[in-house]
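Let's take a walk through this one, starting inside a chain and working out to where the chains meet. Keep the viewer open as you read.

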Protein chains: 2
Amino acid sequence: MRVCIVGCGAIGSLFAAHLARMKEIEVWAYDLDQQHVDAINANGLRLSGVNDLVSHPHATSNAEDIPACDFGIVATKALHTRAAIEATAGVFADGAVCSVQNGAGNEEIIAEYVPRVMRGTTFPAGHIVTPGHVAQDTGGKTWMGPFEPKPASMEEVHRLAEALSCAGMETLAMEDARGAQWTKLIFNAATNPVGALTRLPHGVACDQQRVRALISGLVAEGVAVADALGIELDSDPEKLIDHAREVAYDHKASMLQDVQAGRRTEVAALNGGIVAFGEANQIPTPLNAAIWALIEGLEHSMTLND
Amino acid sequence: MRVCIVGCGAIGSLFAAHLARMKEIEVWAYDLDQQHVDAINANGLRLSGVNDLVSHPHATSNAEDIPACDFGIVATKALHTRAAIEATAGVFADGAVCSVQNGAGNEEIIAEYVPRVMRGTTFPAGHIVTPGHVAQDTGGKTWMGPFEPKPASMEEVHRLAEALSCAGMETLAMEDARGAQWTKLIFNAATNPVGALTRLPHGVACDQQRVRALISGLVAEGVAVADALGIELDSDPEKLIDHAREVAYDHKASMLQDVQAGRRTEVAALNGGIVAFGEANQIPTPLNAAIWALIEGLEHSMTLND
């Protein structure tokens, strides 16, 4: 089996490093960070934290180096999806490609370029420590299933999920993976941008009465859109938010980290995704639209010279 | 005539400096900034910019120094209204007090402490350059009228308005000053916090399609509340917003200046005022509530140690 990880940042590296431990799997890591690529090729890819290992995927920033693959796992930030799959599409001319990205709308883009697509959702998180070294901050499961309009076969879903599970990343193959995806989407869209705009850690934001009410308003819109799509959520996003308050009170949302570092965010795939699917299904999403506008404005302000 | 300016910051100083030019008016300036008070008493109060003058109000940070006054002009930030009028109420035991502050709800607080109240709205703006020296950045009119539940007489409104007009601040006495007040309130509530959250100058914010749509959504809620209150707006807030884009493209909203300086904002009197009057009149204001929550959260984050 040959697998290419498209976008080998913090999340992609978790997949690449685990899979590359398996003798029967040839792993390619495609990433534009040349320092990271060079470090992986020189010394291997190191994980620390929740998992501690070193393995040896092939890394490259040139898609032409990569031979035809059976599977792709797209793990770029949502805003880089199109550029990344456009560059690597040839590798998957007869392959199946799974998004494990945040947000809604990534699979739709991938499906423009490759024959068979899976939707995926992953909970493990990490951050790059130095080129070639990623810290895994949290564990958790991954869910995969066929992307309905242009599906990979369930046989393919099972093969990839089993490979990942064997490699140490527990992955569930599902006929309908939308529930897991939308549960995480709604959670992220309600908490991430609120953290970025208020600059509050998750637990502190939850303890501010008005802020918590806004989070619930964002959740309610997302749940209404999921209902209209006929998606049954895996779990109640409100409970996930309260649970995260218990276990990660001081956690700063990744989108807050993005804006503090002057990076563009995934808001278009999160709140923008809820707004787009809401519009397509006549479900009003004014709060998600407001949040999208504010984050987009904040991103734009980072491009201005003060 | 004896007039006390309650809160002699950037706005209060415009009123104090103009009125103190008039021989027949004794002006007292009450402010807690001792350096500013001392500078005024030592060298007078200087205006520069749109108007250039030096005059000599009596300044104090101790309300007991102030003799009984015919009129009060409250010009503190909205969040200091109660403390300021509580301290100075004795001065106005037989006086009429006018708020020229931003937001909705200030007159209600003042009316708890003094016998006769006016609602006012002022457009001139300025900033403190050094203690005793304020730059007037923009000119413009001031509107005054009786505060309906506990009104000053129209005779009093006319006397104060004429004194200000003679002193060089054009002021209109109106039977119903709510239209001017709510026009400015809706304008400020739609533009100020959006500037603070996105960090964009006014004109740039207007040119971002999604951000402009959010501003319009905030305006529409404010207009609906004003309608429910039977208030006829002076002018269309949308037109004011477009006009400000023309004449003040690079202007950073005062609330953006507040959050960049780590100061608390007037959001509770702006968006919070619209929400409160909306609730009292069964008009939904979800966008103003969302904005209020975000600014309040941002204010709270400024109090945390990072």
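The buried residues of α11(B) are covered by, among others, α6, α8 and α12 of chain B. Helices here are DSSP runs of H or I with at least four residues, strands are runs of E with at least two, and both are numbered from the N terminus. Before going on, note that this is a predicted model, where local features need pLDDT of at least 70 and side-chain atom pairs count only at pLDDT 80 or more, while totals for chains, interfaces and linings use all residues. Residues are numbered from 1 along each chain as its sequence is written, chains are lettered from A and ligands numbered from 1 in the order in which they are written, and side-chain values use heavy atoms, with hydrogens and water left out.

Back to α11(B), which spans residues 271-280: its buried residues are N271(B), G272(B), G273(B), I274(B), V275(B) and G278(B). Buried means under 20% relative accessible area, with exposed over 50% and partly exposed in between (1.4 Å probe, protein chains only). Just past the helix, Q282(B) has a positive phi of about 55 degrees.

I274(B) also turns up beside W182(B), whose contacts beyond four places in sequence include G222(B), V225(B), L229(B) and F277(B) as well. Contact means heavy atoms within 4.5 Å. W182(B) and W182(A) have the most contacts inside the largest nonpolar core, a set of 80 residues. Such a core joins buried Ala, Val, Leu, Ile, Met, Phe, Trp, Tyr and Cys residues through side-chain atoms within 4.5 Å.

Now for the interface. There, 26 residues of chain B are in contact with 26 residues of chain A. The two chains bury about 2,200 Å² between them, 68% of it on carbon and sulfur atoms; that buried area is the accessible area (1.4 Å probe) lost on being put together, summed over both parts. The rule finds two salt bridges across the interface, counting a side-chain nitrogen of Lys or Arg within 4 Å of a carboxyl oxygen of Asp or Glu. One pairs R210(B) with E296(A) at 3.1 Å, N to O. On the chain B side, α6 (178-198), α8 (209-228) and α12 (286-302) each give two or more residues, and α12(B) provides the largest share, 12 residues.

Last stop, chain A: R119(A) sits in strand β8 (residues 116-122).
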